[in-house]
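Here is a short report on a protein and its ligand. Look at the structure first, then read on.

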Amino acid sequence: MSEALWLVVPAAGQGRRMGAHCPKQYLPLAGRTVMAQTLARLHLAFPAARLCLCLDPHDAYFDPAWVPFASWQRVAGGAERADSVRHALAALAGQAGEDDLVLVHDVARPCVTVGDLERLHAALRGDAVGGLLAAPVADTMKRGDGQGRVARTEPREGLWHALTPQGFRYGLLRRALAAAQRGGVAVTDEASAVEALGEAPRLVPGRRDNLKITHPEDLALAAQILAAQQAEGESGRDTALREAQ
Ligand code: C5P
């Protein structure tokens, strides 16, 4: 079976920590919505990929004009992020091959660069398990005691921030998320579900500016990151595309 590339973008969250009037993926960022920025980056890197977009069934904001992919479908999100991704994988049954690569990317990460996306894809293409973009922890890590004081300092050696995309073979990822659901294990990313099967996902070093918009101050930060990336030509190919036009 020929290996296709699938993109799953969970975008069914409410983003309550933003405290905004609408879910964070619909807030304006550098002249578009956060969602449109994120989808544009993914499309620059993988124009021929097929997209599955998880949306809240009661979503009142989504505009299909933001989707640059020729082949895409929307699925109803679930209660948690992992449920949304499970729904997407279920919708791909009969379309995706067992060994097809599925990249799952948070809609709230619009600053992912084409360079990182391409390096992740290259690193995972020949990998039987899969892996994720990740950044080594730079700060000293404290464990809180739950009462606003330090319980202890955690060694940071070997610690990584788990970013997205996270990419796995379709069959493995589907089994992993199904097993997590059956076991009642709460997973906040795809890798932890795969780890629970005894597999060791590959850590692919990624840029630290692959910010997940979560808190109100993150929106302005994301705008600055996008502007800085444009200036260094790192958004990817939009600079090249503009120059070619
Ligand atoms: O809330 P948080 O930023 O951790 O969510 C990560 C990603 O998962 C976001 O892209 C969000 O839209 C998505 N999500 C989802 N379904 C949920 C909860 C979150 O698709 N039920």
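This is a predicted model: local features need pLDDT of at least 70, side-chain atom pairs count only at pLDDT 80 or more; totals for chains, interfaces and linings use all residues.

In it, the ligand takes up the space of the largest pocket. Two elements each give two or more residues to the shell around the ligand: β1, residues 5-11, and α2, residues 81-91.

## The shell around the ligand

How many residues surround the ligand? There are 15. The closest are Pro 10, Lys 24, Gly 78, Ser 84 and Lys 212. Sorted by class, the shell holds 6 nonpolar, 3 polar and 6 charged residues.

## Backbone contacts

Look at the backbone next. Pro 10, one of the closest residues, has a backbone N or O atom 2.7 Å from an oxygen atom of the ligand. At Ala 12, a polar backbone atom is 2.9 Å from a ligand oxygen. At Gly 13, the distance from a polar backbone atom to an oxygen atom of the ligand is 3.0 Å.

How much of the ligand does the protein bury? Taken alone, the ligand exposes 460 Å². The protein buries 86% of that area.

The largest pocket has a volume of about 1,200 Å³. Its lining counts 50 residues. Closest to the pocket centre are Arg 17, Arg 81, Asp 106, Thr 188 and Lys 212. Lys 212 is also listed among the residues closest to the ligand.

Which elements give two or more residues to this lining? They are β1, α2, β10 (160-169) and α4 (170-182). By class, the lining divides into 20 nonpolar, 15 polar and 15 charged residues.

Conventions:
Residues are numbered from 1 along each chain as its sequence is written. Side-chain values use heavy atoms; hydrogens and water are left out. A residue is near a molecule or strand if one of its heavy atoms lies within 4 Å of it. A polar contact is a pair of N or O atoms within 3.5 Å; within protein, one must be able to donate a hydrogen and the other to accept it, and residues adjacent in sequence count only if both atoms are side-chain atoms. Accessible areas come from the Shrake-Rupley method with a 1.4 Å probe; for residues, only the protein chains shown count as cover. On a 1 Å grid over the protein atoms alone, a cavity is a set of points where a 1.4 Å probe fits but cannot get out, and a pocket is an open set with protein on both sides within 12 Å along at least five of seven lines; lining residues have an atom within 4 Å of a point. A molecule sits in a cavity or pocket if more than half of its atoms lie within 2 Å of its grid points. Helices (H or I, at least four residues) and strands (E, at least two) are DSSP runs, numbered from the N terminus. Ala, Val, Leu, Ile, Met, Phe, Trp, Tyr, Cys and Pro count as nonpolar, Asp, Glu, Lys and Arg as charged, and the others, Gly among them, as polar. Grid points are joined across faces, edges and corners, and a volume is the space filled by probe spheres set on the points.
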